[in-house]
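Colleague: I'm new to this one. Could you walk me through how to read it?

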Protein chains: 4
Amino acid sequence: MRIAMIGLGRMGANIVRRLMRDGHECVVYDVNPDAVAALTAEGALGAESMADMAAQLTGPRVVWMMVPAGITGQVADEAAAVLESGDILIDGGNSNYRDDVRRAAALREKGIEYVDIGTSGGVFGLERGYCLMVGGTDRAYETIEPILKTIAPGVGEIERTPGRTGELAPEEQGYLHTGPAGSGHFVKMVHNGIEYGIMAAIAEGLNLLKNADAGVREAEHSAEVAPLEEPEFYQFPIDTAAVSELWRRGSVISSWLLDLTAAALQENPTLDGLAGRVSDSGEGRWTVKAAVDVGVPVPVLAASLFERFASRDEDQFANQVLSAMRLQFGGHQELPAGDKLEAGGRKSDSA
Amino acid sequence: MRIAMIGLGRMGANIVRRLMRDGHECVVYDVNPDAVAALTAEGALGAESMADMAAQLTGPRVVWMMVPAGITGQVADEAAAVLESGDILIDGGNSNYRDDVRRAAALREKGIEYVDIGTSGGVFGLERGYCLMVGGTDRAYETIEPILKTIAPGVGEIERTPGRTGELAPEEQGYLHTGPAGSGHFVKMVHNGIEYGIMAAIAEGLNLLKNADAGVREAEHSAEVAPLEEPEFYQFPIDTAAVSELWRRGSVISSWLLDLTAAALQENPTLDGLAGRVSDSGEGRWTVKAAVDVGVPVPVLAASLFERFASRDEDQFANQVLSAMRLQFGGHQELPAGDKLEAGGRKSDSA
Amino acid sequence: MRIAMIGLGRMGANIVRRLMRDGHECVVYDVNPDAVAALTAEGALGAESMADMAAQLTGPRVVWMMVPAGITGQVADEAAAVLESGDILIDGGNSNYRDDVRRAAALREKGIEYVDIGTSGGVFGLERGYCLMVGGTDRAYETIEPILKTIAPGVGEIERTPGRTGELAPEEQGYLHTGPAGSGHFVKMVHNGIEYGIMAAIAEGLNLLKNADAGVREAEHSAEVAPLEEPEFYQFPIDTAAVSELWRRGSVISSWLLDLTAAALQENPTLDGLAGRVSDSGEGRWTVKAAVDVGVPVPVLAASLFERFASRDEDQFANQVLSAMRLQFGGHQELPAGDKLEAGGRKSDSA
Amino acid sequence: MRIAMIGLGRMGANIVRRLMRDGHECVVYDVNPDAVAALTAEGALGAESMADMAAQLTGPRVVWMMVPAGITGQVADEAAAVLESGDILIDGGNSNYRDDVRRAAALREKGIEYVDIGTSGGVFGLERGYCLMVGGTDRAYETIEPILKTIAPGVGEIERTPGRTGELAPEEQGYLHTGPAGSGHFVKMVHNGIEYGIMAAIAEGLNLLKNADAGVREAEHSAEVAPLEEPEFYQFPIDTAAVSELWRRGSVISSWLLDLTAAALQENPTLDGLAGRVSDSGEGRWTVKAAVDVGVPVPVLAASLFERFASRDEDQFANQVLSAMRLQFGGHQELPAGDKLEAGGRKSDSA
């Protein structure tokens, strides 16, 4: 089928390529004409404006936006201006599902169908396919199913889940109609919340392995720092690159994120050069806020988010308050900034 | 090569089967003669006693114990009594690595090599192979490497990590010499700590999805309970079975634990009949304690452990204390036990 | 000075009483005429309607609303309808500070000054006074300062903070102009977030004390449950009522919440009859959401909130997912619902 | 009565002073003769050796050790060597209660009574008195009760807990016989665990207040960083020194730790000069480990401990692993070390 793509960054361009490979026709538009030209050279139909784009489609038109979340609202307004009742506007970016709910209601008044698609796959999506979570009406979903099937990974070599028989369900092919508008990004949001938790679990565990030799390093210390209790149990210099590779095979925690970890440590076993200031996108935050709204406990997901905040020193004033209190009640001087406290690192605390 | 197995429960018996399939000879012993007989019928060499077992091996003897952690010490003593200097005693169970460190030191005095092997794979190990983390001396490791290669999953169909070239490293075949005695179970312990974290991340996320319809259920409520803020954003009845199946393909969080989740929800989409009282084995606990010892922050791993404790109502007295305080400062009556508070469920709190 | 109070529940009525004791004149209004009559009998000026109330005041009128958060918006609209430019409308309830920001902007257009006052003190406020956090313009704050001074606790017997000299600052008397409209409830919100954290810290600690005899109870167990490691270190039957009383004197954690805990345990040492289903009001939730918005890590405040959710079994589906996974990978049967797992409670976990 | 004190550091010397003020006789010993001389000048009986100290006491001798936890074992051995059956040896330091349990058992064989006293009070103890948690036999406790009464704060001006009548219980005077040997330090350990939680709750809350102006600072930012959602709700420049002072009066969270916070912020409102590298003593760690042992969930106490670890960059390798994973799956470059990410600070995250 024919579809238009607005926004030809890495994700948008790769989705277009994946669609064209499978025989779909793509009208492509971007504010940057070079991006349009690049895909035209690969066989896409270039558009010089939104109006031009709309003109190259026939009803019901299907337009996919793949633009930064910050400008989605504006682009959606511009796109809606060239669309008609019955057309379908897709947001495949990283929008907050609340914006989808609002936008869908606004566009519904014009008769335009709004579909939000949560898209997972990262830089590997072009080859692996993208996992798609689709919110919208049944009618819109059914109209776009052919392109969903193409963009998704398909059944692949993954073993079928026991108990599933007969024809393959969409979710077995990597796409799913999750419910009304907003639900696609809601499910993607929770997906990313889980992703933060899994990443943190792996990272914390590897950090512990990295410090399994604390009892060895302890011996090198000055007498000033209190000794690690039972250093005899922390004498293991563990090769974290080898261990993460090992766990990829046969272990309960084998996972794609572990594959990536193994690759990263293979490339750079000490991770030198990485400052460890971890960014976060909106989804992890929205997940925690949604959980708080509905009263669902998410201690692990929240902890993984807060670790990222702390990695960027957003805990600084809190830590200063703690040091200030300790100074008040016990006359404890904090460690000078340059002096790394080692494992055992306790000072007498008379409070 | 020839090896003896002590303890013919599910894990022990399956490892014996996997070894025999690959041409190794297994002497088998268990306090339960029926277990011995069952494997003898499959081609193993039965032993009537530890002494009998030892007599059927030639030096350096290799003896693998696969017994419950609680009796490993006693079984190790009995086995050591029939072994000689140069022999190798393996603990493949779920021991605390601290016990390994102590036992290895004690057996070293007798010249017996102690090897601890952390084994992951669950009920699928017979077919998939077991991921093996091996602590011990170089000499012991080299001696038993042929059986490790057999028990491990091998390279399988898993894609090679970018940057790895040439001959396959042991970790690419599913086994690894992690360091001196104790390190095998240490690495396995951290593995399980990570497993708890990943499981919790998935479980919390699915719980949030399950409650994405809180705004719908809200409407059915009595006026007594405070309303959910912005119920319009929680109108999604999500099919968690379909979503967990979906995420198996192309998503960043695809993992074996997610495969199992999808299987469980396929089998029983509502999970009716499961009380949700989650047990924990020692490894999750030891992981947190080790992290505390060496001063490594593990908020996610700890939170996942504490969730399990709370699932078994070990938080009961703490919660009663909270209710009691609220009663004191605000005259707040707590909810009666049978009255499930819904999402919005807030009472005015004048403190 | 003269002031009107709308809403004569416990908090509103007690504030009126505290004001009248100090010589202020109070016009009182409530939808319930009995509540009006009760205070009229104590010397207040009763109003039969909002219009009647407004008529008994002279400009700039000062009207204090003390009504449930859910109806504040509606009451504010009704009150604003009888007020004029230059008048001051105070919300002393538990509103979300975001509503204050919006309401203040709306009323500003009519020339009405909106002031939000976060009020802490619980049932003890009548005697102790209420701690007041006041958001609004300088002009509004200065106008109402006489009544703030009366409602607040005053300097009391609390020792002056070292370094503070000269005239007493308002904060030393228990009230503070925290900034523009919204800031009063913002500060109160964070106050309650901290309150949750402190309460949880005390409750968790007492729960641990309560279980310091786990090694004694262990002995009574069936052989089925795995033993507590090192039961010899958990042989203490601690009297939590006595300990919480003790800590009130000279200890670093002495606090008003500890006073209340001691009182509660003195009254009911076992806390029998409390189900431990802990409610939460909005402030704890808003605190976590605000922290997520601005990227400030609040692991302790969030954990204390999630504990409350879990106390009401909002973790149920997550726990069922965990049990379901364990069943899949290890064939682990979960504990039957009635069978309390004791301290050591671990089953072998072969994963 | 007459008592000996070993270890004349700040705590030991101040306890001696408090005892002498109340008419007790103190024999004092320290490896540093100057410390002995200083107290002799104030009226204490100096001892030149442990033997000399023992000679100046009559049976049952009472000897209090106030020495760093690291050397308590050795000092206890030396003291025991000069004591006889029926004598009482007190450890008033910060020992791990497990050491008490072991030491008490060892000394019991010699007939020496071992008493462990957890002592809270910090630098203020000389004037305020010390809160005492006492583990040991009934006989030993009764023998030393006169000195406990002196050292403890006494009933003071603290209001009596409702329901308590008649003669004052020891816990109302600031000391308590908590149970057998070890229980004193166990209760003190939990006390400090709670202390960490309360401190963290206050610190996190103040950090949020400090960032309540994120929406104002946002405006100054480069276009590169994603904007804070809804900056209009984060426009409050809060005076944290004034707020912490305010909360001391009438608020639910008034507490001694808040008093100290107010004092610290009065002295240094910005906390400039404090690096925020927060040390931890053993008690917070032991509390978490004990909770893990007995299966009691302590998410708040654990989170407060882990925040301290993270403040000292012990999370560094974990954060590097997270950055490395992000680089793998999405090509996300982390922020350069010097570039502080502001509140909104999200980059697009296409996973």
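**Core and interface**

Modeller: Let's start with the core: the largest nonpolar core holds 258 residues, and those with the most contacts inside it are A:W247, B:W247, C:W247 and D:W247. A nonpolar core is a set of buried (under 20% relative accessible area, 1.4 Å probe, protein chains only) Ala, Val, Leu, Ile, Met, Phe, Trp, Tyr and Cys residues joined through side-chain atoms within 4.5 Å. This is a predicted model, where local features need pLDDT of at least 70, side-chain atom pairs count only at pLDDT 80 or more, and totals for chains, interfaces and linings use all residues. Residues are numbered from 1 along each chain as its sequence is written, chains are lettered from A in the order in which they are written, and side-chain values use heavy atoms, without hydrogens and water.

Colleague: What does D:W247 touch?

Modeller: Contact means heavy atoms within 4.5 Å. Leaving out residues up to four places away in sequence, D:W247 touches residues including C:M133, C:H191, D:L206 and D:I253.

Colleague: How many residues do chain A and chain B bring to their contact?

Modeller: Chain A gives 96 residues and chain B gives 96 residues. On the side of chain A that touches chain B, 53 are nonpolar (Ala, Val, Leu, Ile, Met, Phe, Trp, Tyr, Cys and Pro), 24 polar and 19 charged (Asp, Glu, Lys and Arg), with the others, Gly among them, counted as polar.

Colleague: And how many salt bridges cross the interface of chain A and chain B?

Modeller: A salt bridge puts a side-chain nitrogen of Lys or Arg within 4 Å of a carboxyl oxygen of Asp or Glu. The rule finds four between chain A and chain B, and A:E230 and B:R98 meet in a salt bridge at 2.9 Å, N to O.

Notes: Buried means under 20% relative accessible area, exposed over 50%, partly exposed in between (1.4 Å probe, protein chains only).
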